[in-house]
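The following account leads the reader through the chain shown below, from its core to its strands and helices. Please keep the structure in view while reading.

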Amino acid sequence: MDEERDGERTPVREGGKAGRKTSGRDGRSRERSTAPGRPAPHRGRPSSGSGPGRRPRARRSRLRFTRRFYILLGLLVGIILLVVLVLSLSGGSGGDFRSLQASVKLSDSELNRLKVNELGAVMILAYHRIGDEGKQSRTPENFLSDLEYLYEQGYRCISLRELVANHITVAPGYTPVVITFDESDPSQFRYLEEDGRLQIDPRCAVGIMERFASEHPDFNMTATFFVLPELFGQEEYAEVKLRYLVERGYDIGVHTLNHVELGGLNDARVLEELAGSVRLVKGYLPDYEPFAIALPGGSRPRNMSLLDHGEYEGVKIAFVAALLEGSNPATAPCDRNFDPLNLPRVLAMDPSLDTSDSGLYAWLRYFMENPERRYVSDGDPFTVTVPRHMEDRVSREKLGDRRLRLY
Ligand SMILES: [Zn+2]
């Protein structure tokens with residue numbers, strides 16, 4: 001029955017298809033080149049001076065009419081061919097759909113049908129290892145099936161940065177999801193050497209995500225890696241891996257130096273852990289700002305201001321997001337309860353091991369049964385669309401210069 005209910009929530013527009021209507025620049029320049037030119041000079045035979053009879057003149061004007069008709073017909077056919085050409089050229093790319101989305105304006109009935117709710121909850125998924133199945137580990141097959149299931153159920157990736165900045169660019173009718181990995185375990189990113197060539201292990205998390213991304217470009221595959229000094233093992237490739245991740249649009253965050261619970265430390269020790277982890281990343285990527293931290297054990301420092309206003313031995317600490325271990329989805333970025341330094345997460349684990357009913361599949365089921373609790377995008381990152389009865393939960397401050405639309 002859940003499937004049935006979910007089936008109603010068919011998203012209106014898929015990224016790839018929406019792309020077909022774009023490529024305006026191309027279309028315009030072509031249209032201009034085929035725009036009708038000056039009227040063709042009259043090429044009829046000069047009339048003889050000796051009083052032309054009625055019949056020949058009628059024939060000439062009929063001839064002129066027929067010629068004009070064919071010119072118009074030719075133009076019409078030309079324009080139709082041009083439109084077909086432009087549509088077919090832009091169809092394959094699907095790349096420009098975000099700019100189109102910004103102009104998508106859904107009617108109230110579409111909003112109702114899609115249950116658009118940009119105050120709904122957003123899951124930030126926590127992964128640790130890819131290997132044997134366990135509470136903090138998924139097999140490669142099950143990790144892939146998590147991605148497939150999320151995709152089928154209308155979820156699309158956004159980065160943690162986009163969530164915190166409230167710049168959510170998923171297509172109308174879809175739900176954003178954030179994927180994170182803690183501890184930089186070797187199973188997250190492993191190189192294999194084959195015949196002297198370096199290859200990403202297709203069974204490590206990055207290998208699986210890269211393949212999934214190429215097969216599902218509209219999933220917008222991305223993730224944030226909260227690293228420890230272990231840095232995915234394979235010490236010789238630590239820098240190569242970090243650079244690869246950043247270049248491919250993944251994000252790097254930190255997870256302290258010694259995987260300690262910050263709640264039990266004094267300020268000086270907290271700063272040491274935070275600054276040390278920032279320095280670790282910047283040692284490999286000097287221009288990169290590790291903007292977020294996953295707090296080991298979900299333990300928050302007693303002095304929370306150290307997270308976003310700290311400084312230690314010349315290292316500035318200015319995290320814009322701090323993640324808990326947590327067991328529930330986060331509130332939407334415009335919700336007055338949204339706290340970027342207190343973001344709960346949902347553990348991605350097999351339902352058979354989920355004794356507390358708080359893992360990924362428990363929440364997926366919850367959102368099927370309670371579709372009004374799920375974040376559903378209006379497709380326009382500059383407008384926040386919310387059912388009217390939830391208006392009082394919107395934080396005007398967090399809304400910033402975005403437009404609020406109630407329905
Ligand atoms: Zn950890």
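A nonpolar core is a set of buried Ala, Val, Leu, Ile, Met, Phe, Trp, Tyr and Cys residues joined through C-beta atoms within 7 Å. The model considered here is predicted. The largest nonpolar core of this model holds 85 residues, and those that touch the most other members are Val-122, Ile-124, Leu-125, Val-178, Ala-205, Ala-322 and Leu-323.

Of the contacts with a separation of 6 or more, 70% join residues 24 or more positions apart.

Once neighbours within four places in sequence are set aside, the contacts of Ile-124 are Val-178, Thr-180, Leu-323, Ala-330, Leu-343, Arg-345 and Val-346. Ala-322 lies in strand 13, which covers residues 321-323. A residue is buried if 20 or more other C-beta atoms lie within 10 Å of its own; Ala-322 is therefore buried, because it has 22 C-beta neighbours inside 10 Å. When residues up to four places away in sequence are not counted, Ala-322 touches Ala-292, Ile-293, Leu-295, Leu-307, Leu-341, Asn-342 and Leu-343. For one of these, Ile-293, the separation from Ala-322 is 29 residues along the chain, while the C-alpha atoms are 4.9 Å apart.

The next element to consider is strand 8. This strand comprises residues 224-227 and is covered on both faces: Thr-224 and Phe-226 are buried on one side, Phe-225 and Val-227 on the other. Strand 8 pairs with strand 5 (residues 175-182) in the parallel sense over three bridges, and Phe-226 is the bridge partner of Asp-182. Strand 8 also pairs with strand 9 (residues 251-254), again in the parallel sense, over four bridges. Here Asp-251 of strand 9 stands opposite Thr-224. Together with helix 10 (residues 238-247), strands 8 and 9 form a right-handed β-α-β unit.

The last step concerns helix packing. Two packed helices are described by the angle and the distance between their axes. For helix 7 (residues 140-152) and helix 9 (residues 205-215), the axes come within 10 Å and cross at roughly 35°. The crossing of these two helices is right-handed. Helix 7 contributes Pro-140, Phe-143, Leu-144 and Leu-147, which meet Ala-205, Ile-208 and Phe-212 of helix 9.

Note on methods. Residues numbered from 1 in each chain as written. Predicted model: local features only at pLDDT ≥ 70, side-chain atom pairs only at ≥ 80, totals over all residues. Buried ≥ 20, exposed ≤ 12 C-beta atoms within 10 Å, placed from the backbone. Contact = placed C-beta atoms within 7 Å. Pairing = 2+ DSSP bridges. Right-handed = clockwise from strand over helix to strand, strands pointing away. Axes fitted to C-alpha atoms, helices over the stretch in contact; angles between N-to-C directions. Left-handed = near helix turned anticlockwise from the far one by under 90°.
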